[in-house]
Amino acid sequence: MADKINEKIIEDMAVLAKLKLSKDEIEETKKDMIKMLEYVDKLKELDTENEEPMYQVFSKNNVFRDDVVKNKDDREDILANAPERENDTIVVPKTY
Amino acid sequence: MDLMNLTACQLSKKIKSGETKVSEIINEAYKQIDLKEKELNCFITLYEKEEALAKGKKVQELIDKGELTSPIAGVPVVIKDNICTKRKLTTCGSKILNNFVPSYSAEAVTRLEKAGAIIIGKSNMDEFAKGSTTETSYYGITKNPWNKKHVPGGSSGGSCAAVAADMCSFSLGTDTGGSIRQPSSHCGVVGLKPTYGTVSRYGLIAYGSSLDQIGPIGKDVRDCATVLEIISGYDEKDSTSVMRKDCDFTSALSENIQGIKIGVPKDYFAEGLNQEIKEAVIKGIEVLREKGAIVEEFDLGLTEYFIPTYYIIASAEASSNLSRFDGVKYGYRAEEYNGLHNMYKETRGQGFGKETKKRIMLGTFALSSGYYDEYYLKALKARGLIKKKFDDTFKKYDVIIGPVAPTTAPKLGESLKDPLKMYLSDIYTVAANLAGLPAISIPCGMDKNGMPIGMQIMGDCFQEKKIINIAYAYQQAVDQGQIRR
Amino acid sequence: MKKYETIIGLEVHVELATKTKIFCGCSAEFGGQPNSHTCPVCMAMPGTLPVLNKQVVEHAIAVGLATNCAISNRCRFDRKNYFYPDNPQNYQISQLYHPICRNGFVEIETEGGKKKIGICEIHMEEDAGKLIHSADGKTSIDYNRAGVPLIEIVSEPDMRSDKEVIAFLEKLRLIIQYLGASDCKLNEGSMRADVNLSVREMGSDKLGIRTEMKNLNSFRSITKAIENERDRQIAILESGGQVTQETRRWDESKNQSYSMRSKEDAKDYRYFPEPDLVELVIDREWVQQIKDREPELREAKIQRYISEMGLPKYDAEVITDNKDFAELFEATVRYGSKPKKVSNWIMGETMRLCNENNISPENVKVSAENLSKLIALVESKEINITVAKEIFEKMFQEDFDPVIYVEKNNMRQDSDEDSLREAIVKVIENNPKIVSDIKEGKVQAIGALVGQTMKYTKGKANPELVNKILKEMF
């Protein structure tokens, strides 16, 4: 599978991951990913036909919270870290 | 007397007996920092001494009144910078969080503070814990206190180096694939990765959610057991936190290991392991045999699948965990951009370092349509097999002992040249994270260049007491001076 | 032109009526100052973790049961990864691989009789924040809604017209409202539907390529969008083209849709199991408990209103078309009023005033107790119906006890024959024209005199008695 890694795939992944990569970074990422995947492809030898995927470490289930309001209005704390804000909202470049 | 050379438990005892004061210890810690920090760069954020002294004063009063009796009250502590500290910069070693100040503390931090530990700073680390050398931090390289030409290991390199350099009594690190144990080994300190779910992950900035655990790094086994006892326990804010009733880890600090069964996986001593490390670890195991443990070699198997499985799962989870860093709600936002999507790409392109970006890319790929079954799902199934393998193994043995890393601390700049080789150096540590197991790294010797060697003791899930027992027995049996500076 | 058939499936999002968000203790209430219902968890601050609200699961199970779904023994959450600023995590916690309910149906009434609409699955997920577009080319974000619990009900492509779609949505709305799982308000966004639509030649059994239509905020826009999209697709096919599988956005103001595709929106959600949450195990006992608590739903109410309360079918259907009216109806009956009388008041005055004043049923102020008292006042002839209606209008503004009101304002009906005779004599004196009309044989003009008498007595006169006296006099 590693051989299928080409620039197009790297660019597609960069769009999904929202990463701006320089030409050099694309080249390097491609190189490393091919190397890594060649190694990872070892997994294919492993027979997992009848294996259940391990979704969590322990068979723990049903962890719930009661439906009770616990939080108060902490706007100031929440918004304090925002790169751009206007009054009580967070501002981003237009989405429309 | 060199106060900072003492363990946290010894120091706290001296405070309680009046032999020393919290303020004296803090002054001593800052003296060490002034002396060494410029060269070592253990800290991303060092708190003001005055602030630490003010906190120390309050703790001293509580100790004097007998209201604070915890075994670590009054000792200086360092926290890895991927663990949130209320109103204190928390960067994760990344530019993308260069200005992030959380309004909350991690549960582990809250518990430490309640026990009277004095936090003096946030330690350096590989960016987002992705790395094994503490060279990928945006805030500079941390150097190994034993030899400044070497890395301290990683990702908790700052935390381990700070303990080794006597800048603090103990520290908190985090371990996703060996990030506590490997730098502990490289720095000649004791580091413990608890069973998954033992310490709350609330406030730990996630790398691989199903692998991450916070754990203690200390000067000896007693300190690690003591700190773990304080920071462990159920937390309703973490759904994966486990309700345990056996968190009295210090009760396992016994020298008696008569009849304990130690499994030594041959696979861990095969090709690739440095000869000096092999000899040191085998020598360490011999010490335990002499003390009454039953030692048996065995074939573990599946080891060649550990790293592939680990890197797929860790990268996949990380690619999603790191998507929240986008320049919208907190952290760095690119100065110049053109529209929303470009803002994301510029911010993340500039805000993340190379290694982080590579892993995000790998993780994105492993989850993308068409490759999910082939990589991610396959890795989850392999993980199940690995877990079963360890379940079976621990039916036969109380603990497994082997090396922590195939080499001692590499020289600066060496590892990043060959990333795959660097990834492969996690071979002995990742299994504990995949299977959720507790594991401890304890110094067991030096190589010819005077760099420390660590021995890893792994236990079955929830069997911290067994590994603490053995590690403690080993520590008591050998001359600590030989492995502590 | 060939004949085409329209195939429609829906994805219905319903905001659940919980007090708190799905994964944190923030209020889930609608509105509030921007970002006043936020915390480190729902803002995806680094290191924070989700903890599931139990009530969300119970609501989801209840809706599943009421729509004939199988409830999964085990289910999990998955992360749906995509970058958009209304979602602080840049992934939505949802359910793809193991949803909580599967394989249900609801029955709707169509012109051709009853029809089953299949429900493919129901899953739990979190809502996104609100984007506010400002004029200066920027977008402001209010995260109060981010993390409010949703269920998504995915139907089978079983609907063939906008009428069936509306009937299905109405049916779902009533079921969910009666369960108390949501208020299902389209205008506040607590019920939203995405429409998956394709067309095919009549008689074909192969499905055409479908599009997904988003941003439909009312039944009206759903109807319009279906019409528009059906015509658009048919036009493409007629001209020999092919429909593109895509997501389209409905623009209400322009009455048309446009494609949402762009290079930056490459749709690959990279779903994977959410590692921060643990598995849900739903045992049969728990499901039974929820089933046992299930309130009476609409169909059962209609039957009961007809058979036990003697309401006409029409009344039973109109009253139960809204949960709040049904509740007012039942409560008023419990205070001892005759069911038919109560239904008359609700279907008449109450609905009229709601329509005229644009007030939604849940905001009706009249209490069951006071409505029952008002009905009793009319029944005992202490006031007449005209006065009662006047009082009701006032009660509609602000609920009060009509007995005290009638007493205080001396509005009790006059049924004393002597005093009424006195009044009638005065009215006759004042209306010679009407009197002469009657005398000329226009008997129906007596009605006018009754009216004048009512006016003279300020509505207090017992109209039946006035009528009787007048008939005697002429």
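Predicted model: local features only at pLDDT ≥ 70, side-chain atom pairs only at ≥ 80, totals over all residues.
Q: Let us start with the interface. How many residues of chain A are in contact with chain B?
A: On chain A, 52 residues are in contact with 71 residues of chain B. The two chains bury about 5400 Å² between them. Of that area, 69% is on carbon and sulfur atoms.

Q: How many salt bridges does the rule find across the interface of chain A and chain B?
A: The general idea comes first. Side chains of opposite charge can pair when their charged atoms come close. Across this interface, the rule finds ten salt bridges. One pair to look up is A:Glu84 with B:Arg333, whose side chains meet at 3.0 Å, N to O. For polar contact, the count between chain A and chain B is 23 residue pairs, with both residues at pLDDT 80 or more.

Q: Which elements of chain A each supply at least two residues of the side that touches chain B?
A: They are α1 (7-16), α2 (23-40) and β3 (89-93) of chain A. The largest share comes from α2(A), with ten residues.

Q: What is the make-up of that side by class?
A: The side of chain A that touches chain B has 31 nonpolar residues, 17 charged and four polar.

Q: Now beyond the interface. How many salt bridges does a search of the whole structure find?
A: Over all chains, the search finds 87. Take A:Asp88 and A:Arg75, which meet in a salt bridge at 2.5 Å, N to O. Their places in the chain are worth a look. A:Asp88 is in the loop between β2 (85-86) and β3 of chain A, while A:Arg75 is in helix α3 (residues 75-79). The pair links distant parts of the chain, 13 residues apart.

Q: Is A:Arg75 buried or exposed?
A: Buried means under 20% relative accessible area. A:Arg75 is at 17%, so A:Arg75 counts as buried.

Q: Which residues are linked with A:Arg75 and A:Asp88 in a network of salt bridges?
A: A:Asp73, A:Glu76 and A:Arg85 are linked with them in the network.

Q: Which residue forms a salt bridge with B:Lys291?
A: B:Glu255 does, with the closest N and O atoms 3.3 Å apart. Both residues sit in loops. B:Lys291 is between α8 (275-290) and β8 (294-298) of chain B, and B:Glu255 is between α7 (221-231) and β7 (261-265). The two are 36 residues apart. B:Lys291 is partly exposed, at 24% relative accessibility. B:Glu255 is also partly exposed, at 42%.

Q: Where do C:Lys340 and C:Asp315 lie?
A: First, the bond itself. C:Lys340 forms a salt bridge with C:Asp315, with the closest N and O atoms 2.5 Å apart. C:Lys340 lies in helix α8 (residues 339-357) of chain C and C:Asp315 in helix α6 (residues 313-320), so the pair ties together parts that are 25 residues apart in sequence. Now compare accessibility. C:Lys340 is partly exposed at 36%, whereas C:Asp315 is buried at 4%.

Q: What does the side chain of C:Ser94 make a polar contact with?
A: Its partner is the side chain of C:Glu125, at 2.9 Å. Look at the surroundings too. Leaving aside neighbours within four places in sequence, C:Ser94 is in contact with C:Phe77, C:Asp78, C:His123, C:Met124 and C:Glu125.

Conventions. Residues numbered from 1 in each chain as written. Chains lettered and ligands numbered in written order. Heavy atoms only, no water. Contact = heavy atoms within 4.5 Å. Buried area = accessible area lost by both parts, 1.4 Å probe. Salt bridge = Lys/Arg side-chain N within 4 Å of Asp/Glu carboxyl O. Polar contact = N/O pair within 3.5 Å; in protein donor to acceptor, adjacent residues only side chain to side chain. Helix = DSSP H or I, 4+ residues; strand = E, 2+ residues; numbered from the N terminus. Nonpolar A, V, L, I, M, F, W, Y, C, P; charged D, E, K, R; others polar. Buried < 20%, exposed > 50% of the residue type's maximum accessible area, 1.4 Å probe, protein only.
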